[in-house]
Amino acid sequence: MKVVNNLTHSVDGLGILKGRAAYTDDLADKNSLIVKVLRSPHAYAKIVKIDSEEALKLPGIEMVLTHKDFSRVPFTRAGQGYPEPSPHDKFVLDEYVRYVGDEVLAVVGSDLAVCEEALALIKVEYELLEPVLDFEKAIDHKSIIHPEPEAHEMFPIGFEPLRNIAASYHMHVGDVEKTLSECDVVIEETFFTQAQAHVMLEPHTVNARMDYQERLVIYNSTQTPYHMRRIISQGLNIPLSKIRVIKPRVGGGFGGKQGIHGEMLVAYVTYKTGKAAKMVYTRKEVFESSYTRHPMKMKVTLGADKSGVLKAIDFHCLSDTGAYGEHALTVFMVVGSKVLPLYNKVDSVRFYGDVVYTNHTPAGAYRGYGAIQGNFALESAVDMLCVKLGMNPIEFRQLNMMKETETSPIFEIMGEGTAGTAMIMETCKLEECVEKGMKLIDWNDKYPSKDMGNKIKSVGMAIAMQGSGIPYIDMGSATIKLNDDGFYNLLVGATDIGQGSDTVLAQIAAEVLMTTMDKIVIYSSDTDLTPFDCGAYASSTTYVSGNAVFKAANDMLEAILVEARRILKSKEVEFDGVLFTNELGETISLIDLSNEITYSEDQKQLSVTSSYVGHKSPPPFMAGFIEIDIDKETGEVDIVNYVSVVDCGTTINPKLAEGQVDGGIVQGLGMAMFENVQYSKKGALISNSLMTYKIPTRVDINNLTTVFVDSYEESGPFGAKSVGEIGIDTPPAALANAVYNALGIRIKTLPITAEKILLAIKAKERN
Amino acid sequence: MVKQILPKNLSEVLELISKEKYRFCAGGTDMLIQNHNLKTLPIDFKDNIIYTFNLEELKGITEDEDFITIGASESLESILENKITPQILKDTILQMASPAIRHSGTIGGNIGNASPAGDLLVPLYLLNAIVQLQSLKGIRSVLLSDFITHVRRIDLRDDEIITKIIISKINFDKHQFVKVGPRLSDAISKLSFLGAVSFHEDKVIDLRFSFGAVNITVVRRPEIEAQYIYKTKEELKNSVDELLEKYSEYIRPIDDQRSNKEYRKTVALNLLRNFIEEL
Ligand SMILES: Cc1cc2nc3c(=O)[nH]c(=O)nc-3n(C[C@H](O)[C@H](O)[C@H](O)COP(=O)(O)OP(=O)(O)OC[C@H]3O[C@@H](n4cnc5c(N)ncnc54)[C@H](O)[C@@H]3O)c2cc1C
């Protein structure tokens, strides 16, 4: 291979470095009206009265929008599949506000200053309601967060709004209780995870204008442009054909842009007034009023026999979706479906629980959703079971984990929001990942720990799996067009959000067409111009959209060969990417061929479109190993090294693949030990700025050792699986296990801060 | 509209502040954040402002036999890079903010801001730093520990400006600065500790401790330090529990977003113990 799996520069790196207009707000109409939202100061309240008379008098104020301006059409802001598995429980504006930061109303004015001035003049009277702030007390709480009759589910997801349940789920294989009762060793432990924030660099940004065909054109920093167009159409009752969504370069999403935020209001203003409008979230709004990761409480019961064979897993999960139910069920199911199959030899397994509403910032999609929470609980619990068994945790995993050509009944039972798809692991190099990782971290020398005086050195590890798109749901497509002068346009619906999919997809096309990257001009995510794609989520782009590009490029190859055979009057034509040669040795170059069919003879446009929908979702696997030094005086943890050994199939772009894993590890470490989410007693988010919410910086991460094992997934483009999420899963459990290996202290609530470690040391000393 | 002045020299500043109230902006790394406003201009000063970052009279790092004098507008970066700067200050600056902030932030600003978590204050208290203030009426020198009166409150008259910081030239046999923050870069201290000691023929001749972010301002107790002068190293080590108990009374941290009191207090005392035990 010449392009795939070779060092290839990003298609957009240089232009972005040079500061070319690339991002959504770079492209806003200079005269855009500003749409600014008044945010609720209360966790739960009914709006009794809005007095905006004074505000409307301000010169420059165009309008004040309240719930009275919108028809009551409930929708879900989640952009993932249709029909949507998330409850339809959100209105553009409502007479209830359900969390601190929720939308009360919006002012529309000529600039931000006048909008702020107007917001200060508007008087809102609220009737305060008792908020539900403890998700363990949400079910059957006397406050009901979604009493409105319009809220509904599109198909059964266990939606019981009157009990504050957004979704619920239950599955089992075998009889867990019976198996557990027969086990020699059983542990039962409960774990908690926090509402991690995405902290993408570019805040949520949208702008809109009417074009000269009277169509609504929306520029949007989104991960799911096609879902966006549909949700806006349904929510505002604008014909789909009247809307065009363009996704410019996106400055990071991590799942936080897999849903609607300011889009409805901006689209409404432009459609109603005919004037351009825009909204850019402040950092505070990104923290308080977009999405977080779902906080969870997970009770894990494991049972094994004396020889260390895992027999049963019982997993109960309570998930907090906050004020609205985006991705409530899908995230919940992934806790089970992308974690439990790791230990596929159990006799019985049960996974069940509820997703509840609370009056906190809504939770939504976030890289590795469900998987990172489930992995923390299960991989911590496995180490705890090993302590009780007196068994080395790596030997335990080697005995019990998934191996190549094996399967798990869970694949068939659990999908994302619906039933799943049975599949055999054609590629699973987990054993090799574990072995290599042990060497790279020098496990045998360092496990469990070494006392170094003031510091203790230790190691810990965890294994993980992810998926590659959602089978039978995620669809990607690609159009390839041959131009005169012999270069191609590659049009994809797939959504580059900074992860580099434009580069990776262009590489796949270039490889099939035997050409170089400069001959592939990629354009992505414009609902008028590019073919459909479900968007950037669920680790789907390289596998699903990549397969679509692979097919389209092969179809294009076929189409140009047809032309070459005609021109060279031969049935046998060979092509090397530049030159066509027939059996007589006669040749024509691709440039001449393309010029001929464009300008001189039998003219035509060669263009092909292909689609791909996965019939399976081959999981990437990895083993993550952490080496830490813990300071006994302060409880501080230094990350000395993080070793990731990854099986993601072929790395189409090795640099970008490494970047995906490294980024995932750092974000996972953020959740594991830095990102402390704090609420006030009244439910306001305290950690709502980059001053108060600390993500790790370069100096906190000493060394990342990231390697890929040889692996070739037959069903993927050039053997690729996915790599976008797998990196984030292991850090919380690996760290918790390393802390235990150092101190004999088990921390079961994230993040694992110096405070928790030190106070646990003190408590241990007292006992 | 507030006035914003970029003065040519110190006398212009003294003239201005003798007539009207101004606030100073040196590196602006506290001021710009405290006056950040998204609604109007990015920076929305509420008071008249004099920019002091380029005043020559507030620059320079010089030494004589006994003292080192640092201009108030010297940046943390240039103090860090200067040969004259004592290691104890360098060790602290290295753990402050990030290279970009250290490029702009100044020593005068760290003092003027008077935050309980101001890191540079910790070695400055330890070194008995003197703050030199100037007005049209003349020069006034105040001990830093007297100058800072409370959280974010300083003994600065409206007609005065900080011009210099003067520290005595002392070499310790051993010193150790430890900053505990939520992460390693660009993070405000949860707490910090600085210990310094010198011996002569195995007897303590100088012993100092200061603690940051565990009280309304830096904790330094010379009267406790004095009790251990002329003790042998062994005696000092043996009295570590007693020493901890004496400091315990003054370590009175709070619960806030960054940490909690129990953690802060435990760690502050652990660091003190560790410093003594490792002598
Ligand atoms: C990202 C970030 C990280 C930071 N990390 C740290 C850290 O780790 N440790 C730490 O201690 N601080 C930290 N800070 C705070 C800040 O950088 C320091 O306090 C710095 O020393 C302030 O200096 P300045 O020149 O920027 O002050 P300015 O913002 O210009 O001024 C601060 C105050 O001092 C007054 N002032 C300035 N000069 C004079 C003068 N000549 N006379 C009288 N009053 C004066 C001002 O009026 C103002 O009240 C951080 C800040 C940021 C933004």
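Mentor: Helix 15 of chain A and helix 16 of chain A are roughly perpendicular to each other, a word kept for angles of 65 to 115 degrees. This is a predicted model, in which local features need pLDDT of at least 70, side-chain atom pairs count only at pLDDT 80 or more, and totals for chains, interfaces and linings use all residues. Residues are numbered from 1 along each chain as its sequence is written, while chains are lettered from A and ligands numbered from 1 in the order in which they are written.

Trainee: At what angle do helix 15 and helix 16 of chain A pack, and how far apart are their axes?

Mentor: Axes are lines fitted to C-alpha atoms, for helices over the stretch in contact, and angles run from 0 to 180 degrees between N-to-C directions. Helix 15 (residues 541–567) and helix 16 (residues 590–600) of chain A pack at about 85 degrees, with their axes 11 Å apart. Contact requires C-beta atoms, placed from the backbone, within 7 Å; A:Ile560, A:Glu563, A:Ala564 and A:Ile567 of helix 15 of chain A meet A:Leu593, A:Glu596 and A:Ile597 of helix 16 of chain A.

Trainee: In what order do the strands of the open sheet of chain A lie?

Mentor: Strands pair if DSSP finds at least two bridges between them, and the open sheet of seven strands in chain A has the order 3-5-1-12-9-10-11, with mixed pairing. Strand 3 (61–65) and strand 11 (243–246) of chain A are the edge strands, each pairing on one side only. Strand 3 of chain A pairs with strand 5 (residues 103–109) of chain A in the antiparallel sense over four bridges, and A:Val64 stands opposite A:Val107 in strand 5 of chain A.

Key
Helix = DSSP H or I, 4+ residues; strand = E, 2+ residues; numbered from the N terminus. Parallel < 35°, antiparallel > 145°, perpendicular 65-115°, else oblique. Contact = placed C-beta atoms within 7 Å.
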